[in-house]
Amino acid sequence: MSINTNGITITNKTTGGNRFAVSATCGSARAGLLRTDHGDIPTPIFMPVGTAGSVKAVHQRELREDIDAIIILGNTYHLYLRPGMDILRAAGGLHRFNGWERPLLTDSGGFQVFSLADSRKIKEEGCTFRSHIDGSKHLFTPESVMDIERVIGADIMMAFDECCPGDADRNYAKRSMELTHRWLDRCVHRFNETTPLYGHHQMLFPIVQGCQYADLRRQSAEYIASTDPEGCAIGGLAVGEPTEVMYSMIEVVNAILPADRPRYLMGVGTPQNLLEAIDRGVDMFDCVMPTRNGRNGLLFTAHGTINIKNKKWEDCFEPIANIAWADIDNTHIAEADNVYSLAYLHHLIRAEEILGLQICSIHNLAFYLWLVTTARQKIIDGTFSEWKNRILPELGKRL
RNA sequence: GGGGGAGUCGCAUAGCGGCAAUUGCAACAGACUGUAAAUCUGUCCUCUUCGGAGUUCAUUGGUUCGAGUCCAAUCUCCCCCA
């Protein structure tokens with residue numbers, strides 16, 4: 001045992017059994033359960049994004065009671081910059097810091113390698129960033145990211161990868177994928193020589209890359225599978241490539257990834273994307289869409305989307321639920337959907353009242369959770385495909 | 001009664017001889033996929049085959065090749081002095 005420069009105790013890996021089990025399938029779609037020390041995660045699942053340790057505009061009571069969120073995300077890059085590792089370590093990890101007692105997942109900062117392309121430089125060693133907050137320079141390496149994710153203490157840690165743009169040429173995609181694989185080796189090594197800081201188990205999910213090239217995706221999936229991970233992620237999709245390409249890549253990858261481990265499609269997506277991916281064997285999702293689009297006035301419903309800013313809603317005094325959940329079997333409609341009318345929500349968003357952002361975010365997240373929960377039940381019932389085919393055209397409509 | 005100032009596309013503004021005319025707000029749409037996003041984009045006088053075309057800057061008349069811009073009168077509003 002030794003202490004490294006980040007103050008993290010280095011020990012040998014403690015091994016446990018498989019924490020994931022598939023309980024039912026319907027075609028390629030799976031219903032399963034992933035066990036964490038902060039609770040079980042039924043799959044398919046949608047994980048609300050809480051980048052800076054908070055799901056924007058949503059209280060935890062609402063996350064628990066109205067939305068039924070099981071697991072939420074945090075982001076390594078953002079939390080590392082602010083509040084910083086000293087505070088998170090002193091707080092006893094993110095669970096204690098933000099009071100969320102259910103499972104957490106931290107993204108590694110790999111996506112920021114992609115989205116902050118103007119202010120970073122990728123090298124073999126890692127990636128140097130300029131902070132979007134104060135412009136200061138930082139270096140992320142696979143090792144430092146593992147150490148940071150240990151300090152944050154999420155139940156699921158993501159490997160540090162390079163998220164390649166959707167339109168990258170094959171050469172770039174190949175080099176990027178190979179770098180991600182080498183970084184993965186270093187992540188796994190560091191992960192295995194460190195232990196959780198707060199007494200609960202942490203899993204490490206590696207990430208499949210390969211852009212839109214089927215052979216690269218195959219190669220990457222095989223490599224990821226060979227590391228015997230507790231779960232696998234599919235990254236670098238929904239980053240500019242056509243939707244059909246994304247679906248096709250999911251099929252290619254899922255044919256190779258171990259069937260007895262959860263599969264997490266990172267950063268996806270629209271309600272339609274979720275159903276299509278579930279149908280292709282994906283178990284876990286996260287996306288900013290329900291929260292960001294909600295804050296921008298877009299509501300997702302089972303009957304299509306509502307742009308609440310549109311004039312047509314100014315005098316629609318029906319409760320949100322009467323339109324959004326019309327003819328839908330949902331015994332657990334968020335309180336906000338019953339209390340507030342579309343006209344009032346239209347007013348709130350126009351008047352830039354904070355409550356409007358809250359209501360839209362709660363509604364959208366509740367809808368996403370309803371979608372995956374219903375998908376799970378339909379898989380168990382053996383009627384997933386039928387249900388998917390029925391609801392899919394509705395989801396694409398505009399109300 | 002005397003003196004001074006101002007009227008511009010919903011509102012507020014810019015404009016100082018080359019203008020369908022600046023900017024902000026409002027309005028009407030659109031985008032958003034591991035969150036640098038309560039953000040961003042477009043339209044915003046009329047018509048349009050999206051190339052343009054036609055009418056505009058309180059009103060009327062004038063100067064000028066050319067006027068929102070200069071001159072005169074009129075109307076309206078604001079300020080100061082009696």
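Trainee: Which helices and strands each supply at least two residues of the surface near RNA strand B?

Mentor: First, a caveat: this is a predicted model, where local features need pLDDT of at least 70, side-chain atom pairs count only at pLDDT 80 or more, and totals for chains, interfaces and linings use all residues. Residues are numbered from 1 along each chain as its sequence is written, while chains are lettered from A and ligands numbered from 1 in the order in which they are written. "Near" asks for a C-beta atom, placed from the backbone, within 6 Å of the strand, and helices (H or I, at least four residues) and strands (E, at least two) are DSSP runs numbered from the N terminus. The elements you want are β7 (72-75), α5 (110-115), β17 (284-287), α11 (289-295) and α15 (354-381).

Trainee: Of the 48 residues around RNA strand B, which come nearest?

Mentor: By class, that surface has 17 nonpolar, 20 polar and 11 charged residues. Here Ala, Val, Leu, Ile, Met, Phe, Trp, Tyr, Cys and Pro count as nonpolar, Asp, Glu, Lys and Arg as charged, and the others, Gly among them, as polar. The nearest are H132, C163, G267, G269 and V288.

Trainee: Which residues of the largest nonpolar core touch the most other members?

Mentor: A nonpolar core is a set of buried Ala, Val, Leu, Ile, Met, Phe, Trp, Tyr and Cys residues joined through C-beta atoms within 7 Å. Buried means 20 or more other C-beta atoms within 10 Å of a residue's own, exposed means 12 or fewer, and partly exposed is in between, with C-beta atoms placed from the backbone. Among the 117 residues of this core, the top ones are M47, I72, F205, A233, L265, F285 and L369.

Trainee: And which element gives the largest share of this core?

Mentor: The largest share is 14 residues, and they come from α15. The core also draws at least three residues from each of domain 1 (43-287) and domain 2 (294-395), bounds that come from an automatic or database domain assignment. As for the element itself, it's α15.

Trainee: What does M47 touch beyond four places away in sequence?

Mentor: A contact here is two C-beta atoms, placed from the backbone, within 7 Å. M47 is one of the core members that touch the most others. Its partners are I71, I72, L73, L105, M284, F285 and D286.

Trainee: How many residues of domain 1 are in contact with domain 2?

Mentor: The centres of the two domains, taken over C-alpha atoms, are 27 Å apart. On the domain 2 side of the contact there are 21 residues, and on the domain 1 side the count is 18.

Trainee: Which element gives the largest share of the side of domain 1 that touches domain 2?

Mentor: β6 (45-48), α1 (60-67) and α10 (271-278) each supply at least two residues of that side. By class, the side has 12 nonpolar, 1 polar and 5 charged residues. The largest share, 5 residues, belongs to α10.

Trainee: Is helix α6 (residues 142-152) mostly covered or mostly uncovered, and how many of its residues are buried?

Mentor: The buried residues of α6 include P142, E149 and R150. Just after the helix, G153 takes a positive phi of about 80°. α6 is mostly covered, and its buried count is 11 of 11.

Trainee: Which residue in the turn between β3 and β4 has a positive phi?

Mentor: β3 (residues 20-26) and β4 (residues 29-36) pair in the antiparallel sense over 6 bridges, where pairing takes at least two DSSP bridges. F20, for one, has L34 as its bridge partner in β4. The hairpin has 2 residues between the strands, and the one with phi of about 65° is G27.

Trainee: What is omega for the cis peptide bond that joins R82 and P83?

Mentor: Most residues other than glycine have a negative phi, and most peptide bonds are trans. Another cis bond joins T43 and P44, with omega about 0°. P83 sits in the loop between α2 (76-81) and α3 (85-91), and for its bond with R82, omega is about 15°.

Trainee: Does C211 count as buried or exposed?

Mentor: C211 isn't a glycine, yet its phi is positive at about 55°. It lies in the loop between β14 (207-208) and α8 (214-226). Because C211 has 26 C-beta neighbours inside 10 Å, it counts as buried.

Trainee: How many other C-beta atoms does D68 have within 10 Å?

Mentor: D68 is in the loop between α1 and β7. Its phi is also positive, near 65°. D68 is partly exposed, and the number is 14.
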